[in-house]
Amino acid sequence: MSSDRLDVLDTHGRPTRVSTRVGEFEPKLLLDGEHDLCPGCGEPVAIRLLLEVIEELGYAQDSIGVIGIGCYTAFTGLIDVDLIQALHGRAPSVATGAKRMRPDKLLFTLQGDGDMVNEGLQEVIHTAARGESVTCVLLNNGVFGETGGHMTATTALGQRTKTSLEGRDADYHGYPIPIAELLVPLGGVSYVARGSVADAKSVVRTKAMLRKAFEAQIAGEGFSLVEILTMCPTGWFIPTADGPGYLDEVLGEVHAAGELVVGGKPVGKGASG
Amino acid sequence: MTRTLMEGSEAIATAAVAAGCRFFAGYPMTPFTEVLENFGKRLPAVGGVCINAESEIEAIGMTWGALATGARAATGSTGQGLALMQESLSEITRAELPLVVFHMARGQGDYYQATRGGGHGDYRHIVYAPIDVREAVELTELAFDRADHWRNPVQIYGDYLLAHTSEGVEFTADPFVPVAKDWAVDGSLGGSGRSRNINPIGMQKGSKSIDPESFWKRLQVKHDQIEASEARFESESTEDAELLVVAFGSVARFVRHVVRELRSEGRKVGYARPISLWPFPAEALAAAARGTQRVAVLEQNAGQMIDDVRLSVLGSVPVVGIGGISSDSAGFGMGPLLDTRVIRGRIESALENLEVST
């Protein structure tokens, strides 16, 4: 799909030259593209994809977003879409109530891994099982970025955080929860995929996933989720430029990219039949 | 309009739907369960939605989303379930959403929870405590109206007795006309530069930061205005009363009956009832207590509303508690205190103590 092809910089490895502006990255549904998140953060890239897809689908004036609590919350003042600010973990329920009263609108949540998989795990599972016609977007960086790099439910084994200083140890901290896989067996689930913004190819694939998730909602096929692995060099305590590589090697190992449910049916690795 | 015999929980749900409520989410818990059941029966018939949520926390979250789109919506539970909802009850006040909460409590031990709240920060909810099913219907209609007017949550604080007593009720309210809510999100302003943000932390569109102090102070001004204008109060036989008995909710119904009985026998006793627990009708109560020798508070708990009564009369007259904890064996608050003979005994003792001490 040519419309999904983006002209973006290869962010693997250190820059080899002075950066130059190679394209217009600011989506139209943004009041101001200048944000205060850290250098190397993957969340603005994911948000850009989300806003571009909404606009390209022609739903700019028929969308309601429900935003969780995390670094991305800083974008609620900048995103030019009707929004509801939810409490930490509560976005899927809020989206449920809004969708039931406005069934003709595109409803999406924007949540981090702490928000969705720690505090709000029950919410996303029940919303999926109800087949609620909403699209949950998870920005998964494996840490509580906003508090400064603490362990979440998706933190990889061995990953160092401020609350797993020697690296996440299964015996002591337990295992990470692969949320996308957890939703696969549930009835009511229409589309589940996990993408990443670590490199240009992944960005293009992730944007296509977002489009499919929203198309499933528009078609009334049920619940959809797109998990997007995002860089958090600050919360990972690594140099900014090492973010994409670390994402692939550490988070990507536990949370493998790919589609898991398409058209209500499990696909890919682990799908039965 | 004809009167229909209806159980409190059914009457409340019927009144709410008549008032335009189109969304309800809740989690079963005695004695609130039948309120949920009745919304479940009534809402689909009018194109509304009732969700049996996975917990009270999700129930209020769903209601939050429905309210944000401009719909009239409600949730409810017992005090235990409301304890789980406290974070949202607090923040939804800051999001300025017109939530209505049906609290069917176990006894009257949740007075502090209802009037002070268990949530964080400076916030206030209007709280109405109906004395009977008929008043519950009126206050339910009023609750949706006041919630929309102030964009602030309103709680109907009842109990087992209110939810499960059948009474003849009338639904006389005018047909509901949807209220225009230009603040509600309908998705239509995306990309216009004027998109909306229903936000409990005061984040404005076009901004990258918040200003909590000025945001919270603005809400405080609103709560001061509500406090000055929304108090509701009922009293009887206060003119020459030597003893004023104060009660709220279902318990007040027993007290009012006993006071009428004692009055007919020539005893100088008066009756006062806050209909709104917040704002507490302090001025009206102080006026009713003027000239009495003692104020007796009869509440079915260890003594909670008595704080507000004392703050109302400000030491001008002694205030004593003559109620107390009282429950059935299941803990639903249907205790032996809910008996006119028992209550008559308590009030007579207070009258006798008055004679001894004067």
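## Exercises on a two-chain predicted model

The C-alpha centres of domain 1 of chain B and domain 2 of chain B lie 27 Å apart. The model is predicted: local features need pLDDT of at least 70, side-chain atom pairs count only at pLDDT 80 or more, and totals for chains, interfaces and linings use all residues. Residues are numbered from 1 along each chain as its sequence is written, while chains are lettered from A and ligands numbered from 1 in the order in which they are written.

**Exercise 1.** Describe the side of domain 1 of chain B that touches domain 2 of chain B.

*Solution.* Step 1: the bounds, which come from an automatic or database domain assignment, are 4-169 for domain 1 and 234-357 for domain 2 of chain B. Step 2: 25 residues of domain 1 and 23 residues of domain 2 of chain B take part in the contact, where two residues are in contact if their C-beta atoms, placed from the backbone, lie within 7 Å. Step 3: α6(B) gives the most to this side of domain 1, four residues. Helices (H or I, at least four residues) and strands (E, at least two) are DSSP runs, numbered from the N terminus. Step 4: by class, this side of domain 1 holds 14 nonpolar, seven polar and four charged residues. Here Ala, Val, Leu, Ile, Met, Phe, Trp, Tyr, Cys and Pro count as nonpolar, Asp, Glu, Lys and Arg as charged, and the others, Gly among them, as polar.

**Exercise 2.** Characterise the side of chain A that touches chain B.

*Solution.* Step 1: chain A contributes 35 residues and chain B 38 residues. Step 2: at least two residues each come from β1 (63-67), β2 (82-85), α2 (91-101) and α4 (121-129) of chain A. Step 3: α2(A) has the largest share, eight residues. Step 4: the classes are 15 nonpolar, 10 polar and 10 charged residues.

**Exercise 3.** Determine which strands stand at the edges of the nine-stranded open sheet.

*Solution.* Step 1: the order is β10(A)-β9(A)-β7(A)-β8(A)-β4(A)-β3(A)-β1(A)-β2(A)-β9(B), with mixed pairing; strands pair if DSSP finds at least two bridges between them. Step 2: β10 (265-266) of chain A and β9 of chain B each have a single partner strand, so one side of each is left without a neighbour in the sheet. Step 3: β9(B) (residues 197-198) runs parallel to β2(A), joined by two bridges, and N197(B) is the bridge partner of L83(A).
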